[in-house]
Every structure is written in C-alpha cells, then in structure tokens.
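Here is a short note to read alongside the model. Please keep the sequence and the 3D view open while going through the points.

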Amino acid sequence: LGYDEQSTPALEQHVQKILKQPIHHVTQNLPSVNTKTGSQTVLTVNPEHCKANLALNSSQYDRIKTMVTAARTHSEVNEFHDLSTPWKNLLQLIEQDDLIKVLDLYNTIDAKDPVKSAMETIHGKPYILQLICASVVARFHSICLGDSDVVIDNKGFETLVQQYHAVIQSQQPENRRAFNFLIGPPGHHCHKKAAGFCTSNSGALTVLKTAPNEFCYIVGLDINADNGLNNVLKQVTSHPSWNESLKIRHDDIYASNVYPIIKMEESRSPYYHYHPIDIAEGEKPIEKQSSAELMSAIMRNRVTDICLRAHSHQAMHLVLILGFDSHIKDGSFGIGTNISRRRFSDADMTLLYTTIQKCMIQYPQRFHCTAITEGGYSIHLLKEQVNAMMKIVSSTPQKETVPAIDTTPQSNSISF
C-alpha cells in the first residue's frame, strides 16, 4: 500500500480489493499509489513467507494476555488502560476495517501526544503507517511484514499503542517503584522496521523516559544482540534536541553466533556509550557452558563496578533487557545456526533472576530498576518469567528505596 498522508480514491479502492482476497491470492509486491507529492511503499506481503511464520502462532497480543493473566495472580500489579479518546476511536476504526478513516484520524492526533511522539521518535512515521495498514488488512488474514519473521494480526497496532502508553505511565514519578517489571512483547530488534518477532521497542522508550540528570545504565541480558535498541539510541542521542544532562551506558551481553548473527561494534558519543560483550568468543563458548552462568556473572560484576564508581548522590536508572530465547520448552522456534541444543532451562532462569535480586539487595539506595521482557515464547516460559520476576518485586522494599533525583547538573564520574 502506498500512502503519503492524503486520502485518495485509488488508495481506498486498492485497500478494499485487498480486504476481499484470501492471503494466498495477494501478490508478493503490491503496487504503491501515486499522488501529487509522490508515493511511499508501506506494506508488502510475501504469501509463502507468511505461511511459514503463521505456523509459529507468534501473536504478540496473545503473548501479553498470557503474561497478564499470570501477573494478576500476584498483588503488586499496576495496569494502565486509560487511553485518550482519539486513540480509543482509532483502535475501534481498525476493528471496523476502515483504513482511510484510521489514517486520517492518526494524522489529526497532536504530534506532541506522548504515545504518538514516542512511536515516531523511536520508529519513524513510515513504519507506524505500515503497522496501521497491516493491522487493518490483517482483520481477515494474519500477515507478515515484507520478508520479516514478524506476524501481524488485527491487534498489531493496538499492542504497540497500549504498550507505549503503559511504559509512559509506569515511568511517571507517582508510579515508579524501586523495582519495576514491565510485561510486554519483545522489542530490542525493532527500530525502523519490525524484526526478530519485535514490533515495538519498550526498552528504548523506557530509557528515553529516564529522568533528567539521572545516569541510565542498560544491561542487555537477552542472548540475542540489542541491535534495534542500539540503533534507536544512537539516533536519538545524536539529535540536536537531546537532553545533554542524560547520559547512557549500554553493556550488551550477547552471542554473535545466534540471531541476528552479526558482530556488534562498540560506539561512543558524549551521551551514549554502547559496549558489546560477545560471550560466543569467550574462553568457554556458549555451547559448552550455560549462557545464564556467564551472563549472571558479567551482570553482577558490571553493576557492582558502576555502583562503586558513581557519585554517592548520583541517581541511577538500571534498565535490564531480559530474554530466554530459546528455552528448552520453546517448541519449534529456531535458535540460530551451529547450535544443536536449547540455551536456557528453568534452572538458568532462576539463576539469572536470583542474581538480579542480589544486586537489588546489595545496592538498595543506588538505583531504581526497570526489567523488560524480551525473548521467550512458550506459554510455560511466559508464565515462569512473570512468576520469577514477581518474587523479586514482592521481596524488594518499594517505597523507601527509590532514589531522590538530584536535579543539579553533575559531572559524571562513570566511565563512558
């Protein structure tokens, strides 16, 4: 579908034609619609690729429902459903398959609206329009975005909106806790396009909501590289409007021999230092030692180092990018090339979460923490992640230990 913010009869006719077709009748390259200001292809469908990925049943909406159901069995849960009226109306129009009205309404929402601003800052408007179009078309047939492994159903765009709304609300001063566990879809591969089962990037938004003059320390604990998160943060921190008082350190513990099978490069700027730690190249390769053991040891060492070297009055936001891809009970999901066994077990998950808990206990006054779910796909694993994390939430003092934010600009003693 081609769309450039102008509703045209040609576009509407083309959409209606697509909505009437079974997915296997939709051609691989859909024509774009030309207007006076040009055209932009925002949605392509590859039927064969869709068929293979639809078999994985990787609906992010269903994933969240499973995790929320598990979370509701615990007492320390906050839910945010109070979307503004324009967003509610827009999501209703998606359910009614009215793409033209959906796009028109989206463009009337104020650019300063927190959710819209977050989406376009992190992903860019073309991707948002692509996701909207895909969600409407998927009213009858779940589809894949282009040649990616991301399956979009009718709840695709709603999942993004609800997730970003929840992240924004959870980082408000009145809602922020000493330890925050954010339930949602995986996102650390997503930037300007969907990738690696990711359609949003809650980690990026969480970092961007760090309070002024706080030091943000990210630890990537998903075995897959935080490539999308890295791309987002490099882009936003290089923008002239970036708040110079917010500085970010990102230690990404990953294995280069699994998806996305790339060697991440260290990058450093005045405001963002990305430091990849490739455990596939260590003395004990990932195939011969539990990756959870390596990641737990590295994380505790790094967190301890940061806490010891930071100013005593420096408020810090610790962001943990968590994931268990692939767990032994994850079924048919692939785990990358040249690895014949699953990478995580329940014992590994317990080890990693116990290490996080020890860090919270050891340095209760040094930081507040936001842990974000990433990889992990079986119903068993989703429930276990929630239950394990909620144990940390319930055992961490929540009201007294949130660091007071010193709004006086300070020179940062932490090495970038």
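1. Helices (H or I, at least four residues) and strands (E, at least two) are DSSP runs, numbered from the N terminus. On that basis the protein chain has 13 helices and 9 strands. Residues are numbered from 1 along each chain as its sequence is written, and side-chain values use heavy atoms, with hydrogens and water left out. This is a predicted model: local features need pLDDT of at least 70, side-chain atom pairs count only at pLDDT 80 or more, and totals for chains, interfaces and linings use all residues.

2. Confidence comes next. pLDDT is the predictor's confidence in each residue, from 0 to 100. The protein chain averages 76, and 72% of the residues score at least 70. Residues 283–288 have a pLDDT below 50; this stretch has 17 contacts (heavy atoms within 4.5 Å) beyond near neighbours in sequence. Residues 399–416 also stay under 50, with 47 contacts beyond four places in sequence.

3. Now the chain as a whole. Of its 416 residues, 58% count as buried (under 20% relative accessible area; exposed is over 50%, partly exposed in between; 1.4 Å probe, protein chains only). Among contacts between residues at least 6 apart in sequence, 76% join residues at least 24 apart.

4. How many aromatic pairs are there? Rings of Phe, Tyr and Trp (its six-membered ring) pair if their centres lie within 6.5 Å; planes under 30 degrees apart count as stacked, over 60 as edge-to-face and the rest as tilted. The count is 3. One of them joins tryptophan 87 and tyrosine 106, edge-to-face, with centres 6.2 Å apart and 65 degrees between the planes. Tryptophan 87 is in helix α4 (residues 85–95) and tyrosine 106 in helix α5 (residues 99–108), 19 residues apart. Both are buried.

5. Another pair is phenylalanine 324 with tyrosine 353. The ring centres are 5.6 Å apart and the planes stand at 80 degrees, so this pair is edge-to-face. Phenylalanine 324 sits in the loop between β8 (316–322) and α12 (346–362), and tyrosine 353 in helix α12, so the pair ties together parts 29 residues apart in sequence. Phenylalanine 324 is buried at 0% relative accessible area. Tyrosine 353 is buried too, at 3%.

6. Back to tyrosine 106. Ring pairs link Trp87, Tyr106 and Phe157 into a cluster. Lysine 116 lies over the face of tyrosine 106, 4.5 Å from the ring centre (the rule: NZ of Lys or CZ of Arg within 6 Å of the ring centre and within 35 degrees of the ring normal).
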